[in-house]
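Dear colleague,

Please find the structure that I am handing over to you below. My notes on it follow directly after.

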Amino acid sequence: MMSSSSSPPPPSIPTGGGGFFRGYTKLCKGLAVILLLVHLLIQLFPSAVTYLALVPGRTIPFAWNLITGGYVELTIPGVIISIVGLLLFGKLLEPLWGSEELSKFIFVVNFSTSVCVFITAIALYYTTQEESYLYAPLSGFYGVLTGLLVGIKQLMSEQELNLFVLKIKAKWIPSLVALISVIVSFFVKELVSYLPVILFGIYMSWIYLRYFQRRLETGLKGDPSEEFSFSSFFPEFLRPVLDPIASIFHRLLCGRSERADARGQTLDTTPLPGSDSIEANRRRERGQRALEQRLAEKLAAVKSSEGTSQDASDKV
């Protein structure tokens with residue numbers, strides 16, 4: 001069920017008889033296999049955690065754990081959640097982004113999240129002098145999973161999802177995950193180590209999608225729409241407080257490019273009042289139409305291949 005909106009409807013989540021069990025992409029299947037194999041390796045050789053998980057005190061010289069740490073799941077529930085989440089979220093996003101962009105997104109979010117967790121652990125050590133911050137292994141794919149949820153928020157923000165007895169729009173899922181993670185960490189100390197991974201995963205994925213992702217359908221970088229602003233992750237009453245803070249980071253990230261654009265506009269003509277928001281809406285509409293077209297083409301290709309295999313089986 002879709003909510004009414006003035007903007008074009010977001011791409012809908014494919015449904016159908018056995019559709020839930022089909023359509024998983026090769027990229028996500030491959031990453032799922034890697035998650036499983038790394039977990040088995042850790043179970044067979046526990047000492048491998050030192051070399052693969054993110055251990056801040058040993059990241060130098062073991063710098064590769066900034067990448068491998070995200071693929072290390074130490075528990076069976078953890079590896080199950082990571083694999084299922086990867087397959088489901090990738091099934092939604094890869095037809096819209098493409099394999100190359102999805103793999104780039106996963107790499108960027110995984111690496112940047114690990115860097116942020118590393119810096120946080122070092123800062124906490126120098127603040128508290130607790131060596132546990134240096135040598136406790138930090139790992140998990142949750143940063144990427146929450147990042148994929150941010151991608152779903154961007155592309156399918158108004159899509160309503162059924163969560164047990166609740167119906168909630170996709171745009172609130174990352175915020176809900178962050179809130180639940182913070183609350184649970186107060187009562188379950190074992191989960192505290194996952195909290196920075198989850199929160200930085202959400203933030204770094206938003207930074208990438210907001211300012212750096214190049215959208216093939218428009219040829220532009222980022223998503224400047226108000227619906228994807230930082231304050232959109234929070235309730236309406238908090239936005240007047242958050243918007244001024246977010247604007248500081250906005251100027252740091254793209255102030256130079258905006259000044260260049262402004263100089264270009266003064267050479268051409270003075271923009272009409274409100275023209276920025278109109279242009280942003282036009283870009284969003286063009287991008288939405290292109291995304292829907294790509295999704296329709298993907299679905300048609302899947303149905304065609306299924307029909308071909310069915311005909312072949314009937315002939316046999």
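Tryptophan 206 is buried, at a relative accessible area of 5%; buried stands for under 20% relative accessible area, exposed for over 50% and partly exposed for what lies in between (1.4 Å probe, protein chains only). The model is a predicted one, in which local features need pLDDT of at least 70 and side-chain atom pairs count only at pLDDT 80 or more, while totals for chains, interfaces and linings use all residues. Residues are numbered from 1 along each chain as its sequence is written, and side-chain values use heavy atoms, without hydrogens and water.

Aromatic rings

Rings of Phe, Tyr and Trp (its six-membered ring) pair if their centres lie within 6.5 Å, and planes under 30 degrees apart count as stacked, over 60 as edge-to-face and the rest as tilted. By this rule there are 14 aromatic pairs. One of them is tilted: phenylalanine 105 and tyrosine 208, 5.9 Å centre to centre with 55° between the planes. Phenylalanine 105 belongs to helix H5 (residues 99-128) and tyrosine 208 to helix H9 (residues 195-212), so the pair ties together parts that are 103 residues apart in sequence; helices (H or I, at least four residues) and strands (E, at least two) are DSSP runs, numbered from the N terminus. Both phenylalanine 105 and tyrosine 208 are buried. Tyrosine 203 and tryptophan 206 form a stacked pair, with 6.0 Å from centre to centre and 25° between the planes. Tyrosine 203 is partly exposed, at 28% relative accessibility. Ring pairs join Tyr203, Trp206, Tyr211, Phe230 and Phe234 into a cluster.

Salt bridges

A salt bridge is a side-chain nitrogen of Lys or Arg within 4 Å of a carboxyl oxygen of Asp or Glu, and the count by this rule is two. In one, glutamate 158 meets lysine 169, with the closest N and O atoms 2.9 Å apart. Glutamate 158 lies in the loop between H7 and strand E1 (160-163) and lysine 169 in strand E2 (residues 166-169), so this bridge ties together parts eleven residues apart in sequence. Glutamate 158 also bridges to lysine 171, the closest N and O atoms being 3.4 Å apart. Glutamate 158 is buried, at 17% relative accessible area, whereas lysine 171 is partly exposed at 22%.

Helix H7

Of the 14 residues of H7, 14 are buried.

Yours sincerely
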